[in-house]
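Kindly read each point with the structure in view.

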Amino acid sequence: MEEEERDEMTESTAIPKSDATEDATPRSPLDLHEPAPAEPETKGWGSAKADTNAKSVVADNVDLFYGDFKAVEGISLTIRPNRVTALIGSSGCGKTTFLRSINRMHELTAGARVSGSITVDDLDIYDPRVDPVQVRRMIGMVFQQPNPFPTMSIYENVAAGLTLNSSKISKSEKDDVVERSLRGAHLWEEVKDRLDKPGSGLSGGQQQRLCIARAISVEPEVLLMDEPCSALDPVATLAVEDLIMELKEHYTIAIVTHNMQQASRASDYTAFFNLERSGDPGRLVEIDETKKIFSNPSVKATEDYVSGRFG
Ligand SMILES: Nc1ncnc2c1ncn2[C@@H]1O[C@H](COP(=O)(O)OP(=O)(O)OP(=O)(O)O)[C@@H](O)[C@H]1O
Ligand SMILES: [Mg+2]
């Protein structure tokens, strides 16, 4: 398995293995070095979700490097809470790289570097006091290829993040979170009678919804999706799009897509990235309401791209 795939298997739950012994206490990344409270938690990871956790993500002049190569330059944009923001642009313009910088996965690549700032509400996620592991918990990610843990059951796949995070959580609490997450991912009715069967036995669309259930089980504040429907057929794609529209009530969502219909159907805002010449860094051309980007964008390159004239 490639290095990157291994990262994704680990990070898709946003829970690295090294956290296996931690409790389920929801803490801000800046509270990391404080002792965990002794009281059982009543709200947060591993418990019923009451309100929206959605937070805004603000990138300010972000440059992203792989060694000496600057892949992305000068990105400043806001990803709004309870909205879906689509990231579009031709292959190689840095959409995935930028997305991975939002939950500090970019730095997992050897030699990768970030400059500029990214804040989630008021938290500077690159503040040296912030633990990247906590950032990856707060900001979940769903990948292009559905990647359920192959040896685990449907139930265990969803509970994986909780299990790794918590030694305290009871079986009935875990059952509740698994059901809530599967309902939230529109998968419960299809799998409720076979929770003990392998996650890898589901169809591609079901597996992707399982991965979404796994991502939301730990109650992230932001959900990043990198071409989540590219491996799915049109019916499964529409099911995931419906789900994304519902999830935005609770989360801040950024989705990378090459599918212009999907961006126009499923997103509220669209950010168009572009690459002027091969070897140049990718840049943000414009971000605006999706209906404006698709009907009357400010920049001609955007119009050319969304109308299929290039890229
Ligand atoms: N691990 C890496 N090491 C070195 N360069 C990389 C790495 N990953 C990506 N790049 C380079 O960074 C640039 C941006 O890549 P990225 O994958 O972010 O593009 P993208 O917009 O997501 O493309 P696509 O639409 O094809 O997925 C490209 O030039 C790519 O070759
Ligand atoms: Mg990509």
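**Notes on the predicted model**

1. The shell around ligand 1 is made up of four nonpolar residues, eight polar residues and one charged residue. Please keep in mind that the model under discussion is a predicted one.

2. Which residues come closest to ligand 1? The shell counts 13 residues, and the closest are Y66, A71, S91, T96 and T97. Two or more residues of this shell are supplied by β2, spanning 69-79, and likewise by α2, spanning 95-102. The largest share belongs to α2, with three residues.

3. As for the overall fold, the chain contains eleven helices and ten strands. Its length is 311 residues, of which 46% are classed as buried.

4. The largest nonpolar core has 76 residues. Within this core, the residues that touch the most other members are L87, L223, L224 and I253. Helix α7, residues 204-217, provides the largest share of the core, namely six residues.

5. L223 deserves a separate look. What does L223 contact once its neighbours within four places in sequence are set aside? The partners are G140, V142, A215, L247, Y251 and I253. One of these partners, I253, is also listed with L223 among the core residues that touch the most other members.

Note on methods: Residues are numbered from 1 along each chain as its sequence is written. Chains are lettered from A and ligands numbered from 1 in the order in which they are written. This is a predicted model: local features need pLDDT of at least 70, side-chain atom pairs count only at pLDDT 80 or more; totals for chains, interfaces and linings use all residues. Helices (H or I, at least four residues) and strands (E, at least two) are DSSP runs, numbered from the N terminus. A residue is buried if 20 or more other C-beta atoms lie within 10 Å of its own, exposed if 12 or fewer, and partly exposed in between; C-beta atoms are placed from the backbone. A residue is near a molecule or strand if its C-beta atom, placed from the backbone, lies within 6 Å of it. Ala, Val, Leu, Ile, Met, Phe, Trp, Tyr, Cys and Pro count as nonpolar, Asp, Glu, Lys and Arg as charged, and the others, Gly among them, as polar. A nonpolar core is a set of buried Ala, Val, Leu, Ile, Met, Phe, Trp, Tyr and Cys residues joined through C-beta atoms within 7 Å. Two residues are in contact if their C-beta atoms, placed from the backbone, lie within 7 Å.
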